[in-house]
Amino acid sequence: MSMRTNLERIQRDIEALSAFNSTPGAGLTRFSFSEEHKKAQDYIVKQMEEAGLQVRIDPCGTIIGRLEGEDPSAPSVMTGSHFDSVRNGGNFDGPAGVITALETARVFHENGLKFRRPVEFIAMVEEEGARFGGGLFASRAMTGRLTAQELATFRDGDGISTGEAMKAFGLDPDRFQEAVRKPGEIQNFIELHIEQGPILEAEQKQLGIVETIVGIRELEVTIHGRPDHAGTTPMNMRADSFLAAARTALAATEAAVQAGEGTVATVGKAQVLPGSFNIVAGTVTFFVDIRSRNKACIDQVEKAIRETLQKEAENPGITWEIRVMMETDPVETDREVCRILEESAGELGITSKRMLSGAGHDAMIMADIAKIGLVFVPSKGGRSHCPEEWTDYDQLQKGVEVVCAAVEKLAKA
Ligand SMILES: [Zn+2]
């Protein structure tokens, strides 16, 4: 079957968006409500207008291009992703799904296609949380999860609050609730994203169809010990918080392996105080990131962490506390949407695989209000959030083609 999408346009979009970058030569950095964001927004708006869409920007910065339906009141089919980035990231995380929306709109436009349902093509901001720390901003705004308190208190590295940055960008943070979409307005949200992992490449599949997005729990663990002289304090008379932290990290990762079901646990950030080579560690703060398709497995890992800490605290010099920094439940994608995506791939001769998403995406938030689908295209070497992040353009095109076909089917229904 011949493709309706256009490889040159897909490549041009990715390259054009890649140029709106505050760290050229050191990967892509495009923070929300920045100068680069503005330039990328202008580019996306122009592409949407040229594809015949009615374009608006909601109060939280989401760009929405609408292809009106024959029944304008019918719940819409929505597709898109985010166009902000992490610091020194790559060109595909987010934009792959945004250009999927742009190219789908162009295919519909040049073929004069119109459907019973409206189709909404969207580009979202601050998904990564790289500037303000919250993340999944646009989808939380649309689903009513965003709060005025967050706009006032979440700040970037320069102390600028989210609300202040929005205002400076020309948005009105006081109207953030107008971004909330009414129940029944959106029937489907379909997101294409790069896999950001090695599975599709290793199994030589062209497309991943996500069945479950993992639940995530971020724990901040603080262990207080006693800073002592590293030379004069005998081993059996220490309260070494670093050793307690190391054993806890080990217990967490072992518990993740035991739990199975795709469970992973990671300690990627730690601070040791006072932080000197010749002082026994006094206080250690570290973060444990736990993910699984099954919430009970996440509970199991946390239980192992707490049991280990309790044992460590048998040393009277050791105390500990845990703060849950962030928590999301596993989210299932819509079974019928999965079937339509798989069927569309099959009709196009594109190989696909049902899989788990180990990363969070806007789609999992949109599941609050819509039946979601999430499609992965392969990431070269599994690399992501780094300058080496890459997906071959013809592989990306296959994903775009499948999303385009599935959106058409859903919009006709
Ligand atoms: Zn992303």
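**A tour of the predicted model**

Begin by selecting residues 7-18, helix H1, and residues 393-412, helix H12: the two pack at an angle of about 105 degrees, and their axes lie 10 Å apart. Angles of 65 to 115 degrees count as roughly perpendicular, and H1 and H12 are therefore roughly perpendicular to each other. This is a predicted model.

Next, show the side chains where these helices meet. On H1, select Leu-7, Ile-10, Gln-11, Ile-14 and Glu-15; on H12, select Tyr-393, Asp-394, Leu-396, Gln-397 and Val-400. Coloured by class, this contact of H1 with H12 shows six nonpolar, two polar and two charged residues.

Now go to the zinc ion. Which residues supply its protein donors? Select His-82, Asp-93 and His-193: the donor atoms are NE2 of His-82, OD of Asp-93 and NE2 of His-193, at 2.0 to 2.1 Å from the zinc ion. Along the chain, the donors follow the spacing H-x10-D-x99-H. To place two of them, select strand E3 (residues 76-82), which holds His-82, and then the loop between E3 and helix H3 (95-110), which holds Asp-93; His-82 and Asp-93 are eleven residues apart.

How many cavities of 30 Å³ or more does the structure hold? There is one, and the largest cavity has a volume of about 30 Å³. To find the largest cavity, select its lining: Arg-30, Phe-31, Ser-32, His-37, Phe-83, Asp-84, Val-125 and Glu-126. By class, that lining has three nonpolar, two polar and three charged residues.

Definitions and conventions. Residues numbered from 1 in each chain as written. Predicted model: local features only at pLDDT ≥ 70, side-chain atom pairs only at ≥ 80, totals over all residues. Heavy atoms only, no water. 1 Å grid on protein atoms, 1.4 Å probe; cavity = no way out; pocket = protein on both sides within 12 Å on 5 of 7 lines; lining within 4 Å. Points joined across faces, edges and corners; volume = space filled by probe spheres on them. Nonpolar A, V, L, I, M, F, W, Y, C, P; charged D, E, K, R; others polar. Axes fitted to C-alpha atoms, helices over the stretch in contact; angles between N-to-C directions. Helix = DSSP H or I, 4+ residues; strand = E, 2+ residues; numbered from the N terminus. Parallel < 35°, antiparallel > 145°, perpendicular 65-115°, else oblique. Contact = heavy atoms within 4.5 Å. Donors = N, O, S within 2.8 Å, 3.2 Å for Na, K, Ca; no water.
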